[in-house]
Amino acid sequence: MGKVLIIGAGGVGTVVAHKIAQNPDVFTEIVLASRTQSKCDAIADAIGGNRIVTDRVDADKVEDLVSLFKKHKPDIVVNVALPYQDLTIMDACLHCGVNYLDTANYEPLDEAKYEYKWQWAYRERFEQAGLTAILGCGFDPGVSGVYTAYAAKHYFKEMQYLDIVDCNAGNHGMAFATNFNPEINIREVTQKGKYYENGKWIETEPHEIHRPLTYPNIGPKESYLIYHEELESLVKNYPTIKRARFWMTFGQEYLTHLRVIQNIGMARIDPIMYNGVEIVPIQFLKAVLPNPGDLGKNYTGETSIGCRIRGIGKDGKELTYYVYNNCSHHAAYLETGAQGVSYTTGVPAMIGAMMFLTGKWKKPGVYNVEEFDPDPFMEQLNKQGLPWHEVFNGDIEL
Ligand code: NDP
């Protein structure tokens, strides 16, 4: 049906490549390119069958990307490199007439902002070029938006309260490690908290608001209110929402390490001089922390991510609705060699590309996932390893 180019060969790229290779009817040709080609080769070897062509690219350079796109002529690029590369890859897509999908919004290197404004500014150019760009198609952002769209389509006349709840009850056995790219992860969780209420954004100190929430099959876990990028598009696309928040669980040990890292300046994202060389402390830290892609082997436990929504149902009565997925780290590892956080991101990225190539999510412009029909995506989640469950009118604690 179509040719896909995956950019990025980290934990998420590993899962995307495995899942794409499992769906040969849709993905007839696969190219995997990254900064370090040997990592692409290792993934292609692990998958086997000579199905994946590998290449090298510096995705910070539009001209490098343009020659890669001209060489391979993909129908869609799945960007699972880092958020810094989103705009260069979108520029190259426009230049070569290639469709686009990513899992994280653009971030300037020197500012942790988490705003869609830079990518939304491409809307007209993608429209005019007749190209589709699908933004934020991992789990959160990604499935969180699809769950919300599904709830709006099938159950709610008016959604009023949205809480996205993200629990990782896994144990990788390390004193401190991040579950995805350490630089991006630490930037995200050390920023101030922010949530939406009655038309306004309310800022909090980092990790100021927290409470125990109960997760299915896991039990109560302390959950912290943090800002997460999908809140921006969801409150825009569902204006009846009065309050939208995002909660993530962190262990005490993780938070203590994080506090020390911040206090000693290792989370800084501005360059400093060290022995006559300019380094960015958080990038140096990444180099000494465990590689998230290597955590899978001894990872036990599971993740549980979902949306808890309250409002007025289609029948005019009060409704609470909870939709979620639990994912086992070990099962993810046995299938793809990567842990559950990479798995829950990579599977939806593959499904998004599948939605595009099968014509179900194809419309010129730049869109967040909730702007497409959620039904075919939800159907694939059940088939591709991330089954979901629903609870109606249960106690959702929030
Ligand atoms: P990793 O750090 O494991 O992998 C990133 C990959 O991108 C590496 O292969 C890296 O190459 C490559 N890369 C980095 N810079 C460039 C460049 N300039 N040119 C080409 N390749 C480059 O990250 P993850 O796999 O953990 O995460 C990938 C993405 O997924 C991130 O954007 C992250 O924010 C997002 N994510 C989204 C989630 C969601 O639910 N929506 C959840 C988790 C992650 P090299 O190996 O040479 O460094």
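The structure is a predicted model, and the predictor assigns the complex an ipTM of 0.99 together with a pTM of 0.97. The domain assignment divides the protein into domain 1 (2-135) and domain 2 (143-337 + 385-392), and the ligand lies between these domains because both of them give residues to the shell around it.

**Confidence**
- The pLDDT of the protein averages 96, and 100% of the residues score at least 70.

**Domains and their contact**
- In the domain assignment, domain 1 covers 2-135, whereas domain 2 is made up of 143-337 and 385-392.
- The centres of domain 1 and domain 2, taken over C-alpha atoms, are separated by 24 Å, and the contact takes 15 residues from domain 1 and 15 residues from domain 2.
- On the side of domain 1 that touches domain 2, helix 1 gives the most, with five residues, and by class this side has eight nonpolar, five polar and two charged residues.

**Record annotations**
- An unreviewed UniProt entry places the feature "domain: Saccharopine dehydrogenase NADP binding" at residues 4-134; over residues 4-134 the chain is 42% helix and 21% strand, with its end C-alpha atoms 14 Å apart.
- The unreviewed UniProt entry also places the feature "domain: Saccharopine dehydrogenase-like C-terminal" at residues 138-386, a span that is 34% helix and 31% strand and whose end C-alpha atoms lie 12 Å apart.

**Shell around the ligand**
- The ligand is surrounded by 33 residues, of which the closest are Gly10, Val12, Ala59, Gly138 and Phe180.
- By class, the residues of this shell divide into 15 nonpolar, 13 polar and five charged.
- Helix 1 (11-21) and helix 13 (340-357) each supply at least two residues of the shell, and the largest share, three residues, comes from helix 1.

**Strand pairing**
- Strand 7 (residues 156-168) pairs with strand 15 (residues 302-313) in the antiparallel sense over eleven bridges, and within this pairing Asp166 has Ile305 of strand 15 as its bridge partner.
- Strand 7 is also joined by six bridges to strand 12 (residues 243-249), with the two strands running parallel, and here Leu162 stands opposite Ala244 in strand 12.

**Backbone details**
- The peptide bond from Asp140 to Pro141 is cis, with omega near 5°, and Pro141 is placed in the loop between strand 6 (132-135) and helix 7 (143-154).
- Asn217 has a phi near 65°, which is a positive value in a residue other than glycine, and the place of Asn217 is in the loop between strand 10 (210-215) and strand 11 (219-225).

Notes
Residues are numbered from 1 along each chain as its sequence is written. This is a predicted model: local features need pLDDT of at least 70, side-chain atom pairs count only at pLDDT 80 or more; totals for chains, interfaces and linings use all residues. A residue is near a molecule or strand if its C-beta atom, placed from the backbone, lies within 6 Å of it. Helices (H or I, at least four residues) and strands (E, at least two) are DSSP runs, numbered from the N terminus. Ala, Val, Leu, Ile, Met, Phe, Trp, Tyr, Cys and Pro count as nonpolar, Asp, Glu, Lys and Arg as charged, and the others, Gly among them, as polar. Domain bounds come from an automatic or database domain assignment. Two residues are in contact if their C-beta atoms, placed from the backbone, lie within 7 Å. UniProt positions are given in the numbering used here, feature names are shortened, and annotations may be inferred rather than shown by experiment. Two strands pair if DSSP finds at least two bridges between them. pLDDT is the predictor's confidence in each residue, from 0 to 100.
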